[in-house]
Amino acid sequence: MEVKKIFLPESELPRQWYNILADMPTPMEPPLHPGTGQPVGPDDLAPIFPMPLIEQEVSQERWIDIPEEVLEKYLLWRPTPLYRAYGLEKYLDTPAKIYFKNEGVSPAGSHKPNTALAQAYYNKISGTKRITTETGAGQWGSALSFCCALFGLECKVYMVKVSYQQKPYRRIMMETWGANCVASPSTETKAGQQILAENPDSPGSLGIAISEAVEAAVMDDDAKYSLGSVLNHVMLHQTVNGLECQKQMAIAGDYPDVIIGCAGGGSNFAGNCLPFVRDKINGKEIDIIAVEPASCPTMTRGPFAYDFGDTVQMTPLLPMYTLGHSFVPAPIHAGGLRYHGMAPIISQLVMDGIIRAEAIPQMETFKAGITFARTEGFISAPETNHAVAMVIREAIKAKEEGKEKVILFNWSGHGLVDMAAYEAYLAGKLSDYELPADEIHRALADIEPLPKPKQYKPGTV
Ligand SMILES: Cc1ncc(COP(=O)(O)O)c(C=O)c1O
């Protein structure tokens, strides 16, 4: 019988995270202060984040120790298994070998607790009482609620309204772990009130929810804000995944030719691929593909520019691919991929040609999710289905080329709380969204006056 799952013993849990900033071929341009336009310093970030996370955000150390208390709690679900997708390979009749890293086994059901746990820990030891955050589909909000519960912290979550309405069960998960969750835009913050005054029917967006959560943290001395993706320290914490995966691929006796992950803010993709990116920088040949929704084509169509991380322009300006901070993406079911920007680390690696990006429309992703469920059993989150769809494209390409490629992908989460989306798909009620080019042009006009990075590159929308 062939080996289906590759487990690592708990003793093989990585003891350090990998910091790609030590190995970036092109140094990253700094975040800028939203008021002065000057590079931000640690003191500018201190009202929002605890100091150990600010230090990690700018650290150039290649390896950063994972604290004992975090390691202990990682053991609740880590190391996660690596699977060989024999069923999918057979169905596609492909010579490709397909592996997937199952991050859906965490208590919250996705990769998000890898950083939520670390962030809750550093907040706890820094004296924070309460953490505020945003969430799209509810995966990040539920992960942070779970990890705040483990460290006895209060948690306040602003959940994008369209997802709050589509996905009540993730809100209930958050409440089960003791968090307080409201639909964003809410009337509780000035940012929310401003958006509602302009558009009372706003479906919300991650950019708006971030504005609310940052404002709530800044107004409260006992609170700090936490971001589930995009920032360097989030990418860092997620590398525990890729480091495990490297050991598991070695046990399988294979090395990936292709690595695929879906990308909203970039964290699950980064977590799985960055240790392999290091190999690529050192000479390995790997095709590393970030997959985004065709209706929110940040990396494939947006400019590389400085932009705010949030809608109401409170965060520092980040050098990244962006569709403009005021862009509100179509209400696709992959709520966690509805973000206007992309992690600066991932953006820079795309700029440098080390990783590439592809955009896939919603219907193809659900079709792929159904194929995966019927061949491998697992029901993926709608975000994860973007990776599955790309895997299917690559496996078919390998067949056409007659190549026995090794494809690795990050199965970022299960979709057991997203069944309303599957119901709509199965009932023929889902569709693709046209790219709202006028809307993107309007949003991009808003970032025109902002400073430009040295490597500024215009988009193609
Ligand atoms: C299951 C799952 N995959 C992927 C993502 C995308 O986020 P990121 O790009 O930060 O991994 C999300 C975001 O909520 C998610 O819930």
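The questions and answers below go from the whole chain to its sheets and the ligand.

Tutor: Residues are numbered from 1 along each chain as its sequence is written. This is a predicted model, in which local features need pLDDT of at least 70 and side-chain atom pairs count only at pLDDT 80 or more, while totals for chains, interfaces and linings use all residues.

Student: How many helices and strands does the protein have?
Tutor: Helices (H or I, at least four residues) and strands (E, at least two) are DSSP runs, numbered from the N terminus. Counted in this way, the protein has 18 helices and 15 strands.

Student: Why is the protein said to be as compact as a globular protein of that length?
Tutor: The radius of gyration is taken over C-alpha atoms, and the globule rule is 2.2 Å times the number of residues to the power 0.38. For 461 residues the rule gives 23 Å, and the protein is close to that value, so it is as compact as a globular protein of that length, with a radius of gyration of 20 Å.

Student: What percentage of the residues in the protein is buried?
Tutor: A residue is buried if 20 or more other C-beta atoms lie within 10 Å of its own, exposed if 12 or fewer, and partly exposed in between, with C-beta atoms placed from the backbone. Of the 461 residues in the protein, the buried share is 56%.

Student: Is Ser-11 buried or exposed?
Tutor: Ser-11 is found in the loop between β1 (5-6) and β2 (16-18). Because 6 other C-beta atoms lie within 10 Å, Ser-11 is exposed.

Student: In β8, what is the bridge partner of Tyr-158?
Tutor: Strand β7 (residues 154-160) pairs with β8 in the parallel sense over 5 bridges. In β8, the residue bridged to Tyr-158 is Val-182.

Student: In β4, what is the bridge partner of Lys-5?
Tutor: A second topic is the open sheet of 7 strands, which has the order β1-β4-β5-β15-β10-β11-β14 and mixed pairing. Its edge strands, β1 and β14 (356-360), each pair on one side only. β1 and strand β4 (residues 82-84) run antiparallel and are joined by 2 bridges. In β4, the partner of Lys-5 is Tyr-83.

Student: Which helix gives the most to the shell around the ligand?
Tutor: A residue is near a molecule or strand if its C-beta atom, placed from the backbone, lies within 6 Å of it. Of the 21 residues around the ligand, Gln-139, Ser-229, Gly-264, Gly-336 and Gly-413 come nearest. At least two residues of the shell are supplied by each of α6 (139-151), α12 (267-281) and α16 (382-401). With 3 residues, the helix that gives the most is α12.

Key
Two strands pair if DSSP finds at least two bridges between them.
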